[in-house]
Amino acid sequence: MVTFEDFEKLDIQVGKVIEVEDFKEARMPSYKLKIDFGELGIKKSSAQITKLYSKEDLLNRQIVAVVNFPPKRVAGFKSEVLILGVMKEEGEVILIQPEREAPLGYKIG
């Protein structure tokens, strides 16, 4: 079990996908994303979300991400944030996003 204080350590923010590229170097089909988090700036992430989302679906879409994990190297790419989603049994990911347009950088909690 985690405590509420543990949860409060997570910095979860709303961002907007501003660039999407195929991530050809990744072992599993993935995208390289650039995400605008307002005051925090633009951060990069890799995401295995190609089954349910095309590049066009993702562009300008708001997402929710953990922004205070340490960066992770994925096939030579520096992934700076963890985009949140719901995992289906088939390994597909459904992105979590605000129900309405939200200001970039707004914190979830």
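## Conventions and model

Two residues are in contact when they have heavy atoms within 4.5 Å of each other. The model is predicted, so that local features need pLDDT of at least 70 and side-chain atom pairs count only at pLDDT 80 or more, while totals for chains, interfaces and linings use all residues. Residues are numbered from 1 along each chain as its sequence is written, and side-chain values use heavy atoms, with hydrogens and water left out.

Not counting residues up to four places away in sequence, Tyr106 touches Ile12, Gln13 and Val14. Tyr106 is located in the loop between E9 and strand E10 (107-108); strands (E, at least two residues) and helices (H or I, at least four) are DSSP runs numbered from the N terminus. Tyr106 has a relative accessible area of 51% and is exposed, where exposed means over 50%, buried under 20% and partly exposed in between (1.4 Å probe, protein chains only). Its C-alpha atom is separated by 8.2 Å from that of Phe37, 69 residues apart along the chain.

An unreviewed UniProt entry lists residues 6-109 as "domain: TRNA-binding"; such annotations may be inferred rather than shown by experiment. Over residues 6-109, the chain is 42% strand and 7% helix, with the end C-alpha atoms 12 Å apart.

## Nonpolar core

A nonpolar core is a set of buried Ala, Val, Leu, Ile, Met, Phe, Trp, Tyr and Cys residues joined through side-chain atoms within 4.5 Å. The largest one has 17 residues, and those with the most contacts inside it are Leu33, Ile35, Ile49, Leu58, Ile63 and Ile83. Two or more residues come from each of strand E1 (12-22), strand E2 (31-36), strand E4 (62-66) and E9, and E2 gives the most, with three residues.

Leaving aside neighbours within four places in sequence, Leu33 is in contact with residues including Val17, Val20, Ala47, Ile49, Leu58 and Ile83. Charged residues also touch Leu33, among them Glu19, Lys43 and Lys44.

## Pro71

Pro71 lies in the loop between E4 and E5 and, at 49% relative accessibility, counts as partly exposed. From C-alpha to C-alpha, Pro71 and Leu82 are 9.2 Å apart in space, and they are 11 residues apart in sequence.
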